[in-house]
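Open your viewer and get ready to click along. We will go one selection at a time, with a short note on what to look for at each stop.

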Amino acid sequence: MPRYELALILKAMQRPETAATLRRTVETLMERGAVVRNLENLGERLLPYKMTKHDQRHTRGTYFLIDFYSAPNILTGLLDHLHRDVDVVRPTVLRKDEQVRRSTCCGPQQ
Amino acid sequence: MFQLISTRSVQAARLLAPRSAMPLEAVRGRKSRADPVAKSKEGRMKVPPPVDPVEMVVLHERYTEYQLILRALRLEFKEELLRRKYEEETGSQAEEKAKQESEEHCGLMAWNNQENLHLLKARVARIQKEKEEAECRKMEAALQCEQKQQELLKQKEKEILQLQEDAKNFITLENLDQRIEDALDNPQNYNFAVDKEGRVVRRTLLQ
């Protein structure tokens with residue numbers, strides 16, 4: 001199965017609400033047949049620009065990274081679901097590439 | 001008649017239009033057979049040239065002698081040619097020559113056959129060697145293939161083992177809450193700064 005990464009920007013909320021949103025998201029993923037590998041928190045920080053979502057202007061947000069294994073056909077459904085979630089400011093699904101073998105590449109020598 | 005006309009016309013053209021001073025030629029046979037004889041030639045008796053009898057006799061004798069000699073010479077030469085040809089075909093040395101030629105032929109054929117055998121042996125040896133080399137190469141290629149497949153298998157097995165090890169750390173419904181709490185407690189920071197000397201600074205302000 002290919003490996004994806006969900007870069008999630010959540011609204012700046014209190015801890016229990018954030019936990020609830022995360023739980024909701026991960027459960028959605030697992031319902032659709034994904035295998036969640038790891039969950040990382042990149043902290044609550046200032047967004048690079050003000051984003052408007054669900055009739056709200058957001059200046060700060062919490063960044064989370066979820067990497068998971070799943071089939072590719074569920075991604076559109078998943079993204080639909082996440083766009084409709086009020087607490088999610090911006091969901092982004094990216095594909096994780098395999099590690100490139102660091103062999104002796106021919107590059108400019110110093 | 002047509003020839004006459006053609007020559008006549010040519011001459012007439014030459015006479016009528018002389019471009020350069022061309023000498024006028026006498027045309028023989030201007031009249032044809034049926035034309036009447038000219039008035040100036042009427043009563044002409046054609047007389048053959050006179051013959052001197054003494055001269056005639058002398059000449060006759062000389063001519064007979066001359067022709068005799070020439071005929072004899074010609075016949076002698078012809079005879080010599082015939083004799084030579086005869087000797088060549090069925091002479092004393094014809095048999096020896098034929099024998100020598102046949103011996104030479106036999107010798108050459110034997111030499112040719114030997115050479116052919118040599119070349120045949122060389123060719124067979126060469127083909128054998130090439131076959132063996134091809135076999136060797138095939139075996140080596142097969143071995144290489146086998147090795148590569150083995151290596152691939154090992155690689156895949158390693159990856160599977162690695163994945164099995166990682167699977168112990170995956171998130172499940174039971175440790176979901178625990179993992180969420182852990183994540184919220186430990187914010188990760190991937191930002192860093194590098195300068196030209198290669199010094200890496202990972203402590204950045206998290207706004």
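**Stop one: chain A as a whole**

Select chain A and follow its elements from the N terminus: they run β-α-β-β-α-β. That comes to two helices and four strands, where helices (H or I, at least four residues) and strands (E, at least two) are DSSP runs, numbered from the N terminus. This is a predicted model, in which local features need pLDDT of at least 70 and side-chain atom pairs count only at pLDDT 80 or more, while totals for chains, interfaces and linings use all residues. Residues are numbered from 1 along each chain as its sequence is written, chains are lettered from A in the order in which they are written, and side-chain values use heavy atoms, leaving out hydrogens and water.

Of the 110 residues in chain A, 42% are buried. Here buried means under 20% relative accessible area, exposed over 50%, and partly exposed in between (1.4 Å probe, protein chains only).

**Stop two: helix 1 of chain A**

Now select residues 15-31 of chain A, which form helix 1.

**Stop three: where the chains meet**

Show both chains. The contact (heavy atoms within 4.5 Å) takes 25 residues from chain A and 23 residues from chain B. On the chain A side, Arg15(A), Arg37(A) and Asn41(A) lose the most area to chain B, together 28% of what that side buries. Buried area is the accessible area (1.4 Å probe) that two parts lose on being put together, summed over both; for these chains it is about 2,100 Å², with 58% on carbon and sulfur atoms.

How many salt bridges are there between chain A and chain B? There are four, each a side-chain nitrogen of Lys or Arg within 4 Å of a carboxyl oxygen of Asp or Glu. Zoom in on Arg23(A) and Asp177(B), whose side chains meet in a salt bridge (2.6 Å, N to O).

**Last stop: chain B**

Select Tyr63(B) in helix 2 (residues 53-90) of chain B. Tyr63(B) is partly exposed, because its relative accessible area is 49%.

Conventions: The expected span of a helix is 1.5 Å times one less than its number of residues.
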